[in-house]
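Subject: Structure for you to look at

Hello,

Here is the structure I said I would pass on. Please open it and keep it beside you while you read the notes below.

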Amino acid sequence: MRSTGCLLVIVVLFMALGGCSSSTSWYQAADGPSPTGGLGVQMELRNTEANQFARFRVEPDGAFTYWAGKDVLFDSITWEGVIDGDQGRGLSQLVRKEGLMQSPAGGVDGAEPTWELQLVDGTAARNYTVHGENASLQSLYDFLQDIASARFAPVLDALPQPSVEVLVAPTTGPDDTEEQP
């Protein structure tokens, strides 16, 4: 009975937070040049069956905000960064190529995962929810996830790189084969 009560509280909290994130009040037009060409994107993925939650926001000025896992549920930002011109152009091209300014076909209500997408391009705004697997939204998710994961590149690049020249093979001498008392 206790787990049912906890589950109910989590579902109510999740629904309340989901309602808060559906407004486009986050969008602010870029004052100067925009790496996205004026496009603003907010995408949220919820998959309770797989315990997968992610939210991404790209503003026209290049500000990138990422929430992951429980941070989505508690509306706590996981990481903030800035996208460059190449990433902004890539995002804008992907949105156009996948036709995401029009609502893609979705599955049955309640099917997992649930995708919420908000796109603002100047004066045009599109908000929609898609249930179930969707190749176009998965492509956008993968693109945004790559940007978020790039924050680890400096750390990974700083790690020693394996190479044949630095590998040292252990040597055995006559003393290494004798048993020690």
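A polar contact is a pair of N or O atoms within 3.5 Å, where, within protein, one must be able to donate a hydrogen and the other to accept it. The side chains of Ser136 and Glu98 make such a contact, at 2.8 Å. Please note that this is a predicted model.

Ser136 belongs to helix α4, which covers residues 135–149. Its relative accessible area is 15%, and buried means under 20%, so Ser136 counts as buried. Apart from neighbours within four places in sequence, Ser136 is in contact with Glu98 and Leu100. Leu94 is 42 residues away from Ser136 along the chain, yet their C-alpha atoms are separated by 8.9 Å.

The next residue is Thr36, in the loop between α1 (2–20) and β1 (39–47). Is Thr36 buried or exposed? Thr36 is buried, because its relative accessibility is 2% and the cut-off for buried is under 20%. A polar atom of the Thr36 side chain lies 2.7 Å from the backbone oxygen of Leu39. With neighbours within four places in sequence left aside, the contacts of Thr36 are Val58, Glu59, Pro60, Ile83, Gly88, Leu91 and Ser92.

Last, the surface. Phe152, Leu156 and Leu159 make a nonpolar surface patch of about 290 Å². One of these residues, Leu159, sits in the segment after α5 (153–158). Leu159 has a relative accessible area of 45%, which lies between the 20% limit for buried and the 50% limit for exposed, so Leu159 is partly exposed.

Regards

Technical notes
Residues numbered from 1 in each chain as written. Predicted model: local features only at pLDDT ≥ 70, side-chain atom pairs only at ≥ 80, totals over all residues. Heavy atoms only, no water. Patch = residues over 30% accessible without salt bridge, like charges linked within 9 Å, V, L, I, M, F, W, Y side chains within 5 Å. Areas by Shrake-Rupley, 256 points an atom, 1.4 Å probe, with all protein chains shown as cover. Salt bridge = Lys/Arg side-chain N within 4 Å of Asp/Glu carboxyl O. Helix = DSSP H or I, 4+ residues; strand = E, 2+ residues; numbered from the N terminus. Buried < 20%, exposed > 50% of the residue type's maximum accessible area, 1.4 Å probe, protein only. Contact = heavy atoms within 4.5 Å.
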